[in-house]
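User: I'd like to learn how to read a structure like this one, feature by feature. Could you walk me through it?

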Amino acid sequence: MVRVLVLGGDGYLGWPTALHLSDRGHDVAVLDNFARRSYDDELGLQSLVPIEPLRHRVRAWREVSGRRLELFVGDLCDAEFILDVVRRFHPGAIVHYAEQRSAPYSMIDRGHAVYTQSNNVIGTLNVMFAIAEVDRDIHLVKLGTMGEYGTPNIDIEEGWLTVEHNGRTDRMLFPKKPGSFYHLSKVHDSHNIEFGCRNWGLRATDLNQGVVYGQQTDQTAQDPRLATRLDYDAVFGTVLNRFVIQAVLGHPLTVYGAGGQTRGIIDIRDTVECIRLACENPADVGEFRVFNQITETMSVADIAKTVSASFPGNVQIEYLDNPRVEQDEHYYNVVHTGLVDLGLQPHLLSDTLIDSLFGIVKQHIARADLSAMRPTINWRAPR
Ligand code: NAD
Ligand code: USQ
C-alpha cells in the first residue's frame with residue numbers, strides 16, 4: 001500500500017482519484033486551494049452536477065466507506081506550505097493535478113496567461129523542491145497533456161524520441177508544439193521535472209492525458225454527496241461532455257472549424273485506474289517516465305456524430321468558425337502502450353457510456369446556463 005497525496009483533490013479528476021485510491025486501501029490525503037471554485041465565481045458559472053464543499057465530501061466518504069482522507073487546504077505557490085505538508089504526511093507518491101487546466105481560460109488575456117503559467121509552473125517547482133528536501137524517493141505522478149505534442153506529422157512516442165543527426169544518435173524529449181498558454185505551461189513543467197530527475201535523482205511519471213469524458217466512477221456513484229463536477233461552458237467544458245449536454249439541451253453541437261482535428265480521449269474511470277497503476281508501479285530512481293494516457297483517438301466531427309447517433313432525439317451539428325488556432329486536417333498516430341502494459345483495461349467510448357451520461361445530464365439540466373455555451377475567447381486576438 002502507498003501513502004498518496006493528491007494535489008488538486010477537489011477537482012473534476014482529483015476527487016474521484018482520491019476515492020479510487022482510498023477504496024483500494026491506500027492511505028490518501030487531498031490538498032486544494034479551491035482555485036477552481038473561484039474561477040466559477042469569476043465567470044459566473046457552476047458545475048452542471050452540484051458538488052459538496054470538500055470538507056463535506058471527505059466526511060461523506062468516511063460515512064459511506066469507513067475510510068479516512070486527510071485534508072490540506074492551501075496553495076502550491078506557497079513553498080513553505082507544500083514543504084510542510086510533504087514533511088508531515090510523508091507520502092510515497094504525490095499525484096499532481098493541481099493546475100489551471102483550461103486552454104481557453106489561459107487565452108482570455110495577458111493576466112490569465114500569466115496567472116496560468118505562474119500558478120502551474122511555480123506550483124510544480126515548489127512540489128519538486130519539497131520532494132528534493134524531504135525525500136527523493138517520493139514518486140511524483142504528474143498530469144501532463146497530449147496537447148503538449150500538438151499534431152506533428154510524425155508518430156507521437158511516449159515522451160522520448162531517438163534522434164539521428166549527422167550520423168550520431170541521442171534519446172531526446174519528444175519535440176513539443178503546444179496550442180495554448182495552458183498547454184505551454186505543461187511543456188515547461190515536463191522540462192523542469194525531467195531536469196529534476198536528471199540532476200537530483202527524482203523519480204517521476206508524466207502522464208500526457210487526452211481529453212477526459214464521463215462523470216461517474218464506482219466510488220462517486222455511491223452517494224450524491226460524492227459526485228464530482230461536470231463542466232459544460234465554453235471555457236471549462238471539454239468537448240465530449242459539452243456535446244452530450246448540448247444534445248440534451250436541444251442546442252446544436254458546436255464543432256469548431258470543419259471538425260477534422262483529432263484528439264486522444266479517455267473515460268474518467270480509466271483516468272483513475274491509470275493513476276492507481278502509476279502509483280503502484282513507480283518510476284525508477286532518476287527516471288523521467290512518460291505515458292500517453294489515452295485509450296483511443298477520434299476527430300471532433302466524429303465525436304459529434306457519435307453523440308448525435310446515440311441521442312434518442314433530433315440533434316443538429318453546427319460548424320462554427322474556429323476560435324482557436326489549430327490544424328483541422330492532420331496526421332495523428334499516438335503510441336499508448338505503457339499503461340496497457342501495466343494492466344489498464346480500457347473502457348472504449350460506447351453507446352452505453354453516452355446513454356448513462358445523458359441520464360446524469362438530464363437530472364441536472366435545469367442548472368445549465370445557455371448563454372455560457374458559445375465560445376467567446378479568440379486565440380488570434382491577444383489582449
Ligand atoms: P480541475 O480544475 O477540476 O482540478 C484542478 C484542481 O487543482 C482544482 O480543484 C483547483 O482548485 C486545484 N488547484 C489549482 N491550482 C492550485 C494551486 N496553486 N494550489 C492548490 N490547488 C490548486 O481540473 P481537472 O479537469 O480535474 O484536471 C486535473 C489535471 O489533469 C490538470 O492538471 C489538467 O491539466 C489535467 N488534465 C485534465 C484533462 C481533462 O479533460 N479534464 C485532460 C488532460 C489533462
Ligand atoms: N472543440 C469543439 N467544440 C467545442 C469544444 C471543443 O470543436 O465545443 C474542439 C477544440 O477546438 C479542440 C478539441 O475540441 O480541437 C478539444 O477541446 P477541449 O476544450 O475538449 O479540450 P482542450 O482545450 O484540449 O483541453 C482539455 C482539458 C485540458 C487537457 C486537454 C487534453 O481542458 O486540461 O489538457 O483537454 S488534450 O486535448 O489532449 O491536450
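Analyst: Let's begin with a strand pair: strand β1 (residues 3–7) runs parallel to strand β4 (residues 93–96), and four bridges join them. Strands here are DSSP E runs of at least two residues, helices are H or I runs of at least four, and both are numbered from the N terminus. Two strands count as paired if DSSP finds at least two bridges between them. Within this pair, L5 sits opposite I94 of β4.

User: Before we go on, what kind of model is this, and how is it numbered?

Analyst: This is a predicted model, where local features need pLDDT of at least 70, side-chain atom pairs count only at pLDDT 80 or more, and totals for chains, interfaces and linings use all residues. Residues are numbered from 1 along each chain as its sequence is written, chains are lettered from A and ligands numbered from 1 in the order in which they are written, and side-chain values use heavy atoms, leaving out hydrogens and water.

User: Okay. Which sheet has the order β3-β2-β1-β4-β5-β8-β12?

Analyst: That's an open sheet of seven strands, with parallel pairing. At its edges are β3 (70–73) and β12 (288–293); each has a single partner strand, so one side of each has no neighbour in the sheet. From one strand to the next, the twist averages 20 degrees. For such angles, axes are lines fitted to C-alpha atoms (for helices, over the stretch in contact), and the angle between N-to-C directions runs from 0 to 180 degrees.

User: And what is the pairing in the three-stranded sheet?

Analyst: Mixed: this open sheet has the order β9-β11-β13. β9 and β13 (296–299) are the edge strands, each pairing on one side only. The average twist from one strand to the next is 45 degrees. β9 pairs in the parallel sense with strand β11 (residues 262–267) over three bridges, and there V211 has I265 of β11 as its bridge partner.

User: How many helices and strands are there in the chain?

Analyst: Twelve helices and 14 strands. A compact globule of 383 residues would come out near 21 Å, and the chain has 20 Å, which agrees. Along the principal axes, the C-alpha atoms fill a box of roughly 65 × 55 × 40 Å.

User: Now the ligands. Which residues come nearest to ligand 1?

Analyst: A residue is near a molecule if one of its heavy atoms lies within 4 Å of it. Around ligand 1 there are 28 residues, and L13, D32, N119, Y182 and K186 come nearest. The shell divides into eleven nonpolar, nine polar and eight charged residues. Here nonpolar means Ala, Val, Leu, Ile, Met, Phe, Trp, Tyr, Cys and Pro, charged means Asp, Glu, Lys and Arg, and polar means the others, Gly among them.

User: What about polar contacts?

Analyst: A polar contact is a pair of N or O atoms within 3.5 Å; within protein, one must be able to donate a hydrogen and the other to accept it, and residues adjacent in sequence count only if both atoms are side-chain atoms. A backbone N or O atom of L13 is 2.8 Å from an oxygen atom of ligand 1, and a polar backbone atom of Y12 is 2.9 Å from an oxygen atom of ligand 1. The protein buries 98% of the 820 Å² that ligand 1 exposes when taken alone. Such accessible areas come from the Shrake-Rupley method with a 1.4 Å probe; for residues, only the protein chains shown count as cover.

User: Which residues come nearest to ligand 2?

Analyst: T145, Y182, V239, T254 and E326, out of 23 around ligand 2. A polar side-chain atom of T145 is 2.6 Å from an oxygen atom of ligand 2.

Conventions:
Rg over C-alpha atoms; globule rule 2.2 N^0.38 Å.
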